[in-house]
Amino acid sequence: MADTTFLDWPFFTDRHRGLAEAIEQWSAANLPVDQGDVDAACRDLVLNLGHDGWLEHTAPDPGAPPAPLDVRTLCLIRETLARHDGLADFAFAMQGLGAGPISLFGNAGQRAWLKKTRSGNAIAAFALTEPDSGSDVANIAMTANRYGDGYVLDGEKTWISNGGIADLYVVFARTGEAAGAKGLSAFLVPADVVGLSIAERLAVIAPHPLARLKFERVCVPASAMIGAPGDGFKIAMATLDIFRATVGAAALGLARRALDEAAARVRKRQVFGGALAEQQIVQGYLADMAVDVDAAALLVYRAAWAKDNGAPRVTREAAMAKLFATERAQQVIDKAVQLHGGDGVRHGHIAERLYREIRALRIYEGASEVQKVVIARQILSGA
Ligand SMILES: Cc1cc2nc3c(=O)[nH]c(=O)nc-3n(C[C@H](O)[C@H](O)[C@H](O)COP(=O)(O)OP(=O)(O)OC[C@H]3O[C@@H](n4cnc5c(N)ncnc54)[C@H](O)[C@@H]3O)c2cc1C
């Protein structure tokens, strides 16, 4: 049983505590899923999470008065899903990230899509990265040129989660209002638009749907633009401001699971005439793991609480949460693998699965080094 004492912290309301219990029960009943066919597993997860109402938390209801996303809710759900099944966390998170620019900046017509992403009837994707533009977002080369009443998109996107199974992509392209970051705009592009193709499916260490996309003279109406011309970078960063802390929450869930598994194993495993847990070096490992887990939780829920309580931007807090939670989760999980001995590296063992699942979180939505740059810039600017 995972430690839930953090729910008593003042970051949460009773609504959050009730929700944490409900998602725990849902996860225990439905996860993990069979991942033999990762596309099918993801589609099913999105449908089930939508059917049971969990995806309603990933975007505001387009039929209701505008309401901000509750970041603590997103973090609690991600932490819990990740603790049970990394793919379930992925399926949930991508509905939020993919729809994020529409939730935050979409007009009424664009927001109609949210009805489908919230119910699990449409799968969303966020297409920012390109072969020559990952960490350096301002270097985006994909173009969106005016053509009649609309725009023509040409270029490539890569490392796009849900690529291949998504129904809609939010795509960032260069419209050229200014050089660099100020010349980008965001577009809502349905997956079945003419000229958009899946150039390559990408297989990674912890499989999930991932692709390189090709845009060849893809025509979209002017109404596909999210926000104003030149707002693309601002939209991408505001979206990441919210979802970065939730990546930290997912890492926290993986780390908490690793700690639980390690504690259970060292209690049971007999070595040198006693339980492995009696060895003081082992106790030292457990203590380090527990401190990392709690410190990560404090940073993650501090960022979420700050955003929910009206902070206009939580750039520094979200970057700290993501950096610390993902880096320390890697260390926590590595210790869990170590404490499982040979079992820890056996294919299919939970420790081995966690070891694979954590790795990409230190790279996507801004690599750890980029988070350090973000934090340092905030300090130096006095923000
Ligand atoms: C599993 C997975 C899923 C992803 N999903 C999506 C998605 O859905 N949508 C999307 O748009 N993108 C997605 N990405 C792309 C991801 O955001 C990029 O991989 C990431 O931003 C890094 O870009 P890059 O791979 O081009 O690495 P590069 O930019 O080439 O960087 C390589 C490394 O250099 C170091 N580095 C970079 N900049 C600095 C710096 N300023 N100072 C010091 N060191 C630095 C870091 O260690 C970094 O990991 C995904 C990636 C992965 C692995």
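How many cavities of 30 Å³ or more does the count come to? I get one by this rule. Keeping in mind that this is a predicted model, I went on to look at what surrounds that space.

**Entry: the cavity**

I noted a volume of about 40 Å³ for the largest cavity. Its lining is made up of Ala251, Leu252, Ala255, Asp292, Val293, Ala296, Ala325, Arg328, Ala329 and Val332. Which helices supply at least two residues each to this lining? I wrote down H6 (232-268), H7 (280-308) and H8 (315-339). H8 gives the largest share, with four residues. Sorting the lining by class, I have eight nonpolar residues, two charged and no polar ones. Asp292 and Arg328 are both on the list of lining residues, and I marked them for a look on screen.

**Entry: the second largest pocket**

Next I turned to an open space. The second largest pocket holds about 350 Å³. I found 23 residues lining this pocket, and those nearest its centre are Pro60, Ala67, Pro68, Leu69 and Asp70. Which helices put at least two residues each into the lining here? They are H3, H4, H5 (108-119) and H7. By class, the pocket lining splits into 11 nonpolar, eight charged and four polar residues.

**Entry: H3 against H4**

H3 covers residues 71-84 and H4 covers residues 86-105. Their axes come within 6 Å and cross at roughly 150°. How are H3 and H4 oriented to each other, then, parallel or antiparallel? The cut-off for roughly antiparallel is an angle over 145 degrees, so I put H3 and H4 down as roughly antiparallel. On the H3 side, the contact uses Leu74, Ile77, Arg78, Leu81, Ala82 and His84. On the H4 side, I listed Gly86, Ala88, Asp89, Phe92 and Ala93. The residues of this contact divide into seven nonpolar, two polar and two charged.

Proline 32 lies in the loop between H1 (14-30) and H2 (38-51).

I also looked at phi values. Arginine 217 is not a glycine, yet its phi is positive at about 50°. This arginine is in strand S7, residues 210-221. Phenylalanine 272, also not a glycine, has a positive phi of about 45°.

**Entry: the whole chain**

Last, I stepped back. The tally for the protein is 10 helices and 10 strands. What radius of gyration would a compact globule of 383 residues have? The rule gives near 21 Å, and the protein has 21 Å, so the two agree. Along the principal axes, I got a box of roughly 80 × 45 × 40 Å for the C-alpha atoms.

Conventions:
Residues are numbered from 1 along each chain as its sequence is written. This is a predicted model: local features need pLDDT of at least 70, side-chain atom pairs count only at pLDDT 80 or more; totals for chains, interfaces and linings use all residues. Side-chain values use heavy atoms; hydrogens and water are left out. On a 1 Å grid over the protein atoms alone, a cavity is a set of points where a 1.4 Å probe fits but cannot get out, and a pocket is an open set with protein on both sides within 12 Å along at least five of seven lines; lining residues have an atom within 4 Å of a point. Grid points are joined across faces, edges and corners, and a volume is the space filled by probe spheres set on the points. Ala, Val, Leu, Ile, Met, Phe, Trp, Tyr, Cys and Pro count as nonpolar, Asp, Glu, Lys and Arg as charged, and the others, Gly among them, as polar. Axes are lines fitted to C-alpha atoms, for helices over the stretch in contact, and angles run from 0 to 180 degrees between N-to-C directions. Angles under 35 degrees count as roughly parallel, over 145 as roughly antiparallel, 65 to 115 as roughly perpendicular and the rest as oblique. Contact means heavy atoms within 4.5 Å. The radius of gyration is taken over C-alpha atoms; the globule rule is 2.2 Å times the number of residues to the power 0.38.
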